[in-house]
Amino acid sequence: MSTVAEYAAQLHKKEPKIASNRPSFSIEVAQNIKAIIFDIYATLINFCPLNFANDDEKKEYQLSVFLRTAKEFAFFDTLKKIDENTAPQITLANFYAGLLLTLQERDEKNGKKFSEPQVFEVWNLILSILINNGYEIDKFCIGTRDEFAKCIAYFFHLHSFGRSSLFENCGKTLLELKSRNIKLGLLANTQFYATLELSLYLREDGICEDYLDLFDKDLCFFSYDLKMTKQSGVLHRKLFDALYDLQILPRDTMFVSANKKDLDYAKEIGLS
């Protein structure tokens, strides 16, 4: 298990699930289907976003997560040193939003209309700012610098959205499909932690240790990995190339998502 995966697993043990209600997962598969490609959140993972009464309440909660992150990784004093007149969580939130916007603008200038910045890259840049202002990273670093940035990114993600789970019977259904020699793949707008969480939830339900025990690596495409969203068409072109290599026709490939726009687009390009 990687350093980041181990860190995430330990966090999951500490955090209670917020999604106690698990709707059942089921799909009907036509006889000719040879491959099924899934979205992840709200399709396999029972993603339950937190509800807020208004925008102020949402902003306050987000700032509380930035504060929790600052305390968890000992950023607090350095952030206070950078701007003693501003609450550390606000300084950190401003860094995060500003750097994310900078990366997006950089990609737009380079002609990448549907770019997907890697979130851990944002945290790596924040680490650089903190180090330049006296943060002693060697005292707190987990693994390599990139692994540390990913641990921070995952901590922030988990506490922003909470613990969840797979839909009821999801893992068993996936095992059944695989036993019928149907190729399983993933295609999603997501960051690195989506497959990490998928593996944790599959393990939690006693299905398998790693998502790649179920899904074909050659049929898995993620926006963070290609740094482009689904809307760019890049992920789907990669999928079609992979299906061609496996001698599977698009019409014999089923796309499963909770997002109607994704389903409509899949039908437009010839997926079932």
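**Entry 1: two helices**

I began with helix H4 (residues 88-109) and helix H5 (residues 119-132), whose axes come within 9 Å and cross at roughly 125°. I keep in mind that this is a predicted model. Are H4 and H5 roughly perpendicular or oblique to each other? Angles of 65 to 115 degrees would count as roughly perpendicular and those over 145 as roughly antiparallel, so I wrote down H4 and H5 as oblique. I also looked up the hand of the crossing: H4 passes H5 in a right-handed way.

**Entry 2: who touches whom**

Next I listed the residues where the two helices meet. On the H4 side I found Leu92, Phe95, Tyr96, Leu99, Leu100, Leu103 and Arg106. Their partners in H5 are Val119, Glu121, Val122, Trp123, Leu125, Ile126 and Ile129. Sorted by class, this contact of H4 with H5 has 12 nonpolar residues, two charged ones and no polar ones.

**Entry 3: salt bridges**

I then turned to charged pairs. Side chains of opposite charge can pair when their charged atoms come close. How many salt bridges does a search of the whole structure find? The search gives eight, and I looked at some of them one by one.

**Entry 4: Lys230 and Asp262**

Here the closest N and O atoms are 2.5 Å apart. I checked where the two residues sit, and the pair links distant parts of the chain, 32 residues apart. Lys230 lies in the loop between helix H10 (223-226) and helix H11 (234-245), while Asp262 belongs to helix H12 (residues 260-268). Are these two buried or exposed? Lys230 has a relative accessible area of 8%, so I noted this lysine as buried. Asp262 is buried too, at 13%. I also found that Asp39 joins in: Asp39, Lys230 and Asp262 are linked in a network of salt bridges.

**Entry 5: Lys260 and Asp264**

With a relative accessibility of 60%, Lys260 counts as exposed. Asp264 has 32%, so I put this residue down as partly exposed.

**Entry 6: Arg203 and Glu209**

My last stop was the salt bridge in which the side chains of Arg203 and Glu209 meet, at 3.4 Å from N to O. I looked up the arginine as well: Arg203 is partly exposed, at 25% relative accessibility.

Methods
Residues numbered from 1 in each chain as written. Predicted model: local features only at pLDDT ≥ 70, side-chain atom pairs only at ≥ 80, totals over all residues. Heavy atoms only, no water. Axes fitted to C-alpha atoms, helices over the stretch in contact; angles between N-to-C directions. Helix = DSSP H or I, 4+ residues; strand = E, 2+ residues; numbered from the N terminus. Parallel < 35°, antiparallel > 145°, perpendicular 65-115°, else oblique. Left-handed = near helix turned anticlockwise from the far one by under 90°. Contact = heavy atoms within 4.5 Å. Nonpolar A, V, L, I, M, F, W, Y, C, P; charged D, E, K, R; others polar. Salt bridge = Lys/Arg side-chain N within 4 Å of Asp/Glu carboxyl O. Buried < 20%, exposed > 50% of the residue type's maximum accessible area, 1.4 Å probe, protein only.
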